[in-house]
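This report looks at two sets of annotated positions and their surroundings. Please keep the sequence and the structure in view while reading.

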Amino acid sequence: MNLVTATWTEPGNTPVALLLLGKGSDPASERGVDCPGDLPAPSDPDLVARATAAKATLGDRVFVLGHHYQRDEVIRFADVTGDSFRLAQQAAARPDAEFIVFCGVHFMAESADILTKPEQRVILPDLAAGCSMADMAVLGQVETAWEHFQDLGIAGDVVPVTYMNSSADIKGFVGRNSGVVCTSSNAKRALDWSFEQGSKVFFLPDQHLGRNTAVLEMGFDLDDCVLYDPHKPQGGLTDEQLRNAKMILWRGHCSVHGRFTIDSVRDVRERVPGVNVLVHPECRHEVVRAADYVGSTEYIIKALDAAPAGSSWAIGTELNLVRRLALAHPDKQVTFLDRTVCYCSTMNRIDLPHLVWTLEELVAGRVPNVITVDEETARAARIALDQMLALP
């Protein structure tokens, strides 16, 4: 059986590995911030015991959330695992927890802060754990685009929709402009609702989820979709293109899912006869078209759970999750869709040293790396989130 773990090599003590462990900063990254404090060494053999002891000392005061893309060494200490929105909901469902330690990335911790009580504190173990997709949509750029729509006289027909994988600022913008948040699971429902409100959708920040949902699930043509590039004058589009478009897609993407290509699909079909190709809708349109199954992270997990013994699967999503699924299903052949290692580098900044440091700081009475969304942004973002929860 070809387990994906056979292709996995943990980074050694290179500058890149040290960066992934938070020992430094990268000014070219999404946030490029140093991790404060003195992290324990990743080679410390007592890390597991230290994390266990600190968590036990804190007891019900702390609630640890672990995203599916986290390393196994972190997931073992999570009270709940899931995708970004489920974890934010779980945080809101624990009103008695004083500290919410979110082992994920920045926008996820922001969503948890928006949905939890004011007195609860949401903590991100490494502030440099950002999201390249979320950071591709900057509020100032989005507001400039909206002003362009207003100048053209089409803003009244446009409903903004933002993927959950966006900053609190962008969710707030969408809420202020009568839009809605969506997840990869309910994107079609969000778009159905949006087209009942207006004739166009401004979809942020992932172009691929927007395009795949509109074309493959709603029957739109590719010509109904235009790509707005914030780095080009007028988004790189003519007035006529904007007036005729049904879907105005922001030029953003996931750095992990964007790596999968049509050649990846062809290659795995040649290597593994009878393989089922299962990909996330953040993948490119041609990859999604060539796959056998497409769905959210939760869909992928459920598909593997339900798959018959002996079946073969090539999965196009983050490597930590694929490896975990392979180990959880030894009766099935599970492989990674790409031949090369591809994992979310910012998500992987949350490792065991960061988690130990965070928990031990809390035990010592110090609260590190608190994520706080200002009240006005949070209020507007809640409007868009509540509209998502109200979708039929």
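## Ser84

Ser84 counts as buried, because its relative accessibility is 8% and the cut-off for buried is under 20%. The model described here is predicted. Ser84 is part of helix H4, which covers residues 84-92. Apart from residues up to four places away in sequence, Ser84 touches His67, Phe102, Phe107, Met108, Met164 and Asn165.

An unreviewed UniProt entry gives the feature "binding site" at His67, Ser84, Tyr163, Met164, Asn165, Ser184, His280, Pro281, Glu282 and Thr297. From this set, the lining of the largest cavity includes His67, Ser84, Tyr163, Met164, Asn165, Ser184, His280, Glu282 and Thr297.

Ser184 sits in the loop between strand E6 (180-182) and helix H8 (187-197). Ser184 is buried, with a relative accessible area of 18%. Beyond its neighbours within four places in sequence, Ser184 is in contact with Tyr163, Leu209, His280, Pro281 and Ser296.

Cys254 lies in the loop between strand E9 (247-250) and helix H11 (262-271), and is buried at 12% relative accessible area. Cys344 is in the loop between strand E13 (333-336) and helix H15 (352-363). Cys344 is buried, with a relative accessible area of 15%. Leaving out neighbours within four places in sequence, Cys344 contacts Val256 and Glu318.

Key:
Residues are numbered from 1 along each chain as its sequence is written. This is a predicted model: local features need pLDDT of at least 70, side-chain atom pairs count only at pLDDT 80 or more; totals for chains, interfaces and linings use all residues. Side-chain values use heavy atoms; hydrogens and water are left out. Helices (H or I, at least four residues) and strands (E, at least two) are DSSP runs, numbered from the N terminus. Buried means under 20% relative accessible area, exposed over 50%, partly exposed in between (1.4 Å probe, protein chains only). Contact means heavy atoms within 4.5 Å. UniProt positions are given in the numbering used here, feature names are shortened, and annotations may be inferred rather than shown by experiment. On a 1 Å grid over the protein atoms alone, a cavity is a set of points where a 1.4 Å probe fits but cannot get out, and a pocket is an open set with protein on both sides within 12 Å along at least five of seven lines; lining residues have an atom within 4 Å of a point.
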